Amino acid sequence: MDSKILVIGSSGQIGTELVLKLREIYGNKNVIASDIRKGNYEVMESGPFEYLDVMNKNEVKEVLEKHEITEVYLMVAILSVIAEQNPLKAWELNMNSLFNILELAKNGYIKRLFWPSSIAVFGPDTPKEMTPQDTVIKPSTVYGISKLAGENWCSYYRNKYGVDVRSIRYPGLISYKTTPGGGTTDYAVEIFYEAIKRKSYTCFLEKDTVLPMMYMDDAINATIGIMQPESLPSYVSYNLGAFSFSPEELAEAIKMKIPQFEISYKPDARQEIAMTWPQSIDDSKARKDWGWEPKVGLEEMVDIMLQGLHFTI
Ligand code: AKB
């Protein structure tokens with residue numbers, strides 16, 4: 001099928017890089033960026049942009065019709081930390097944005113949909129190491145509850161109405177091009193800015209809190225990759241892994257490049273969230289079903305981040 005793509009939430013951490021990669025692949029004019037706020041210079045200059053509030057279904061429908069969209073990447077979400085501060089707002093945005101797009105897909109306005117899930121679907125009772133695709137899934141955070149509900153609604157629309165919806169359970173994502181906001185894994189990006197600017201960082205997690213992480217390029221390749229097969233992959237939302245580390249291990253890796261770097265620890269409420277998430281992920285189903293394979297390892301990620309940020313801060 002000739003793809004005409006709409007990215008909703010194109011000014012966010014994943015959306016920004018996703019738009020640029022999709023434009024490289026499908027051509028600038030075939031990838032429409034959209035958000036309630038302006039994107040970065042590259043996104044705004046390289047192709048079409050629509051101011052769009054995903055909570056307004058009619059507005060979304062108009063944009064779909066105007067650009068004859070075939071595929072939507074719905075990259076809108078309130079992440080774990082902010083969701084704990086405002087549970088009802090997070091529920092409303094995370095769920096109603098999804099319902100609006102699922103309904104439009106059900107009514108034939110979209111042929112294929114990507115929706116992001118997260119390792120936050122797992123909870124304190126889930127096995128922490130090499131967390132399997134199918135396991136105990138009882139999240140204890142607002143964000144996790146919304147992601148699990150979202151996965152279930154995606155399955156429902158797929159089974160009941162034949163909606164082609166695909167999803168990934170992202171781990172923490174690391175990039176020097178875009179900054180995250182409101183997540184528990186954000187420290188793994190902040191630490192690089194502080195290491196370069198101040199040679200020190202105070203981490204909001206305990207030193208031995210291991211979490212699964214991934215370099216953004218791999219996450220973008222996976223996101224586009226899962227949308228490629230003509231036949232639907234068997235799971236709606238796939239586990240995805242790359243590498244795992246604790247703040248202490250990341251600090252050690254940074255110290256190899258910046259020997260003066262010092263880390264200290266002042267755990268706050270984010271520690272509680274992190275403790276309920278897996279430490280590493282079994283992504284064998286994604287590897288088998290649609291050929292997922294991460295390319296960037298921990299050391300390479302540290303090199304890329306330090307080199308990339310030297311030029312930007
Ligand atoms: C968060 O920390 O909330 C996100 C996530 C793991 O989904 N980065």
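This is a predicted model: local features need pLDDT of at least 70, side-chain atom pairs count only at pLDDT 80 or more; totals for chains, interfaces and linings use all residues.

User: OK, back into H3 then. Which residues are buried there?
Analyst: Val-60, Val-63 and Leu-64, within a helix that covers residues 57-66. Down the axis of H3, the buried residues fall within an arc of 100°, so they line one face.

User: And which residues are exposed on the other side of H3?
Analyst: Asn-58, Glu-62 and Lys-66.

User: What do the buried ones pack against?
Analyst: Three strands and a helix are listed: E1 (5-8), E3 (49-51), E4 (71-74) and helix H5 (87-106).

User: Where does H5 lie?
Analyst: H5 lies across E1, E4, E5 (112-118) and E6. Its direction is at about 175° to E4.

User: Switching to the sheet. What is the strand order?
Analyst: E3-E2-E1-E4-E5-E6-E10. That is seven strands in an open sheet, with parallel pairing.

User: Which strands sit at the edges?
Analyst: E3 and E10 (237-239), each pairing on one side only. Across this sheet, neighbouring strands are turned by 20° against each other on average, direction ignored.

User: How many bridges join E6 to E10?
Analyst: Three, and the two strands run parallel. E6 spans residues 165-170.

User: Which residue in E10 is opposite Ser-167?
Analyst: Ser-237.

Notes:
Residues are numbered from 1 along each chain as its sequence is written. Side-chain values use heavy atoms; hydrogens and water are left out. Buried means under 20% relative accessible area, exposed over 50%, partly exposed in between (1.4 Å probe, protein chains only). Helices (H or I, at least four residues) and strands (E, at least two) are DSSP runs, numbered from the N terminus. The arc is that of the directions from the helix axis to the C-beta atoms. Contact means heavy atoms within 4.5 Å. Two strands pair if DSSP finds at least two bridges between them. Axes are lines fitted to C-alpha atoms, for helices over the stretch in contact, and angles run from 0 to 180 degrees between N-to-C directions.
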